[in-house]
Amino acid sequence: MKRIRLAITGVVQGVGFRPAVYRLATEMGLNGYVLNNSRGVVIEVEGGTAEGFADTLLKSLPPLAVVNTLSTETLPPIGHTTFEIRLSEKADGAFALVAPDIATCGDCVAETLDPADRRHKYPFTNCVNCGPRYSIVQGVPYDRPLTTMRSFAMCPSCKAEYDDPADRRFHAQPTACPACGPKIAYIENGRLPEGEPVMLAVQALKAGKVVAIKGLGGFHLGCDASNREAVRRLRERKRKNQKPFALMARDIDTVKRYCEVSPAEEALLSGTVRPIVLLKSTPYSKGRIADDVAPGGSRLGFMLPYTPLHHLLFHGHDHFDALVMTSGNLSEEPIVIDNDEALDRLSVFADSFLLHDRDIYMRVDDSVARVVRDAPRLMRRARGYVPEPIDMGFDMPDILACGGELKNTFCVTKGRYAIQSQHIGDLTSGEALDFYAETLKNLKRTFSAEPKVVAHDMHPDYLSARFAKDYAAEHGGLTLVPVQHHHAHIAACMAENGFDGKVIGVAFDGTGYGTDGGIWGSEFLIADYRGFERMAHINYIPLPGGDAAVREPWRIAVSLLVMAYGKEASEILTKVKGEAYREKEVGVILRMMERGINSPPSCGMGRLFDGVSALLGLREVITYEGEAAIALEMAAEGVIIPPTPYPYTLVGENPVVIDTRPTIRAVVDDIIKGRPKGGIAARFHSTVADMVFRVCGMARERTSIGTVALSGGVFQNALLFTSVEAGLMERGFRTLSHSRVPCNDGCVSLGQAAVAAALWRDKC
Ligand code: ZN
Ligand code: ZN
Ligand code: FE
């Protein structure tokens, strides 16, 4: 007889771990117990086969479980007579990892659609393998009383399943059924019409209405994607922003008709996370998906149903193949989660509402990803990914890293883990700041984190940086660690790849505050976690009108001409854009630049892409971040033979300045000669890639560093990223890139945490 105690940490709660342990122990004839505590799971097994238990368990883990550590201890036998699941215990100061929300599993979909099942048409069917987690969890250990399911008492049938170790719903915390669980309601014109709510919603959608639909982490605005009139109205109500709407398709075969889908993309679409995946449309989609879904012919973002309610919306009819399912919010504001809030704030968008009474505790948007070089690349990390931690490999004090400004996330560390928040959005409005504070409060409680160190961006005006300073002061003067923006980008890329050493960091983005107070954004850094040296960047470009130039890239185009041609700029502008191009406005900004008024110089690589896009006439004014650069990438996409780069020169040392004036002159020559835009766009891409190869080559010669970390929102450009990464590997570099967190500013908080942790480790 042996008695062995196992302590297991990792993602082991809310994933069917205890039932699996129970079944295995019973099968092996062992007695003892299993329980959740706030560190993870503790198991005690006693009996003849106790020694083999840990190995067997590791070989038969439930599909969603991740074991990070497992320790065993042999104890004197005490004669357990049964194997039982004990009530959870809470150990102070410790924490366990909460699972992300999980798309409805095949078994639960089948039950929901089975007329003979007691959960037929029940929109909240779930089990240990699927359903809400992060969005309903209010604390650890993960048990029903600490979720928003607390208010629903289980009926005898559900309780029997919950208590039956052989059942798929054994200790499934959010389990429910039509008799005892949450309910849905359909509201139109402030009234509850007669009928089945889902069918009423389907009829409204079919009739071209916009329906606000409460989901897992917030509201969607839904309408029939093939109905031009409906989509146009939704687009108008969304203030004419041209950002593509997300789509939800009935099933994977439908997606395959509308878009090209590779095996990696199919796996991502139909896995347990179910993010929005950006895909290339097929000719079939033309006319069948309304043009206003993705104006300007950009990619289509598809996702598959991930709750039983979604499955029910598509089931039993063929009225629509795909729904627009865009976030229920004003652009870049937090997604709406409360019924009252929805009825109030979404009534400007929606004709009717499909609501339910299970509260959402953590608002969490759909994640957005794209497959590039066979790996998922996240653009927005939220539902299904959060709060999956990054293992930093060593114990840290509790750190709060406050993130950047656009596409903000923050990061909290606990033990050896960095836990990043979901996508918060642009931290420029009061609503976004409230969402930020609310999520921080929730994450701190869920992970029992009490930050002692606060890391932040160096930009004095970022709300996140001000928040950091206020937070540190309010909590008795915590240690503040300012981290340069692009250093944070590179550190994030290293951290998610578990790399600790020196790298050549290439951080290309739109803007980031430099250590000299300037606007940086085309940074070649020799970096490790502790610090960096700025090795190279492109020449500075004045941005006439500051932020206005970001929204109106034609201003950057004019600035590029002034930079490249000096006094002849006006003459060249006429050749490129024709007579009297934006005559009055151009006159104003020329004078502005001449006098150096309101024309902050920027070396953001994103701005160079914007300017070239505008020179080519692809996008002269944008309605969402990155629009002009996306148009440039799409223009270049059809070009098959990799073109030779345009000229540019490298000037000076420490840092080297990449002079892009020859590039601009060559681009302009091609435009004037009437060369195809696609070819010019492709050649521009290969020029930027060539800059990376040359500068990284120089850096390797000087420092012997052979690893390059690629970060920054510009690398969301798949064409650029692919040629840069492939080209670096051909030249013998090891490359590090993002796939677990976004390369855009969504990664900044992770990098700040990594830098703060390294500095803290040095002090100890
Ligand atoms: Zn299930
Ligand atoms: Zn029930
Ligand atoms: Fe950035």
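Student: Where is Pro 100 found?

Tutor: Pro 100 lies in the loop between β5 (83–85) and α3; helices (H or I, at least four residues) and strands (E, at least two) are DSSP runs, numbered from the N terminus. The model is predicted: local features need pLDDT of at least 70, side-chain atom pairs count only at pLDDT 80 or more, and totals for chains, interfaces and linings use all residues. Residues are numbered from 1 along each chain as its sequence is written, chains are lettered from A and ligands numbered from 1 in the order in which they are written, and side-chain values use heavy atoms, with hydrogens and water left out.

Student: Why is Pro 100 called buried?

Tutor: Buried means under 20% relative accessible area, exposed over 50%, and partly exposed in between, with a 1.4 Å probe and protein chains only. Pro 100 has 13% relative accessibility, so it counts as buried.

Student: Which residues does Pro 100 touch, not counting residues up to four places away in sequence?

Tutor: They are Arg 133, Tyr 134, Gly 384, Tyr 385, Val 386 and Pro 387, where contact means heavy atoms within 4.5 Å.

Student: What are the protein donors of the zinc ion (ligand 1)?

Tutor: The SG atoms of Cys 105, Cys 108, Cys 127 and Cys 130 lie 2.3 to 2.4 Å from the zinc ion. They count as donors because N, O and S atoms qualify within 2.8 Å of the metal (3.2 Å for Na, K and Ca); water is not among the atoms, so sites may look incomplete. Along the chain, the donors of this zinc ion follow the spacing C-x2-C-x18-C-x2-C. Cys 108 in helix α3 (residues 106–113) and Cys 130 in the loop between α3 and α4 (156–163) link distant parts of the chain, 22 residues apart.

Student: Why is the arrangement around the zinc ion (ligand 1) tetrahedral?

Tutor: Four donors count as tetrahedral if all angles lie between 85 and 135 degrees; four count as square planar and six as octahedral if opposite donors are over 155 degrees apart and all others between 65 and 115; anything else is irregular. The 4 donor atoms of the zinc ion subtend angles of 103 to 119°, and the arrangement is therefore tetrahedral. The ideal angle for four tetrahedral donors is 109.5 degrees.

Student: What makes Cys 108 and Cys 130 buried?

Tutor: Cys 108 has a relative accessible area of 0%, so it is buried. Cys 130 likewise counts as buried, at 0% relative accessibility.

Student: What is the site of the iron ion (ligand 3) called, given angles of 89 to 162° among its 4 donor atoms?

Tutor: That site is irregular. The iron ion is coordinated by His 485 (NE2), His 489 (NE2), Asp 509 (OD) and Asp 745 (OD), at 2.0 to 2.2 Å. His 489 belongs to helix α13 (residues 485–496) and Asp 509 to strand β23 (residues 503–513), 20 residues apart. Both His 489 and Asp 509 are buried.

Student: Why is Cys 696 too far for a bond with Cys 493?

Tutor: A disulfide is a pair of cysteine sulfur atoms within 2.5 Å. The closest cysteine sulfur to that of Cys 696 is in Cys 493, 12 Å away, and so too far for a bond. By this rule the count comes to 0 disulfides. Cys 696 is also buried, because its relative accessible area is 0%.
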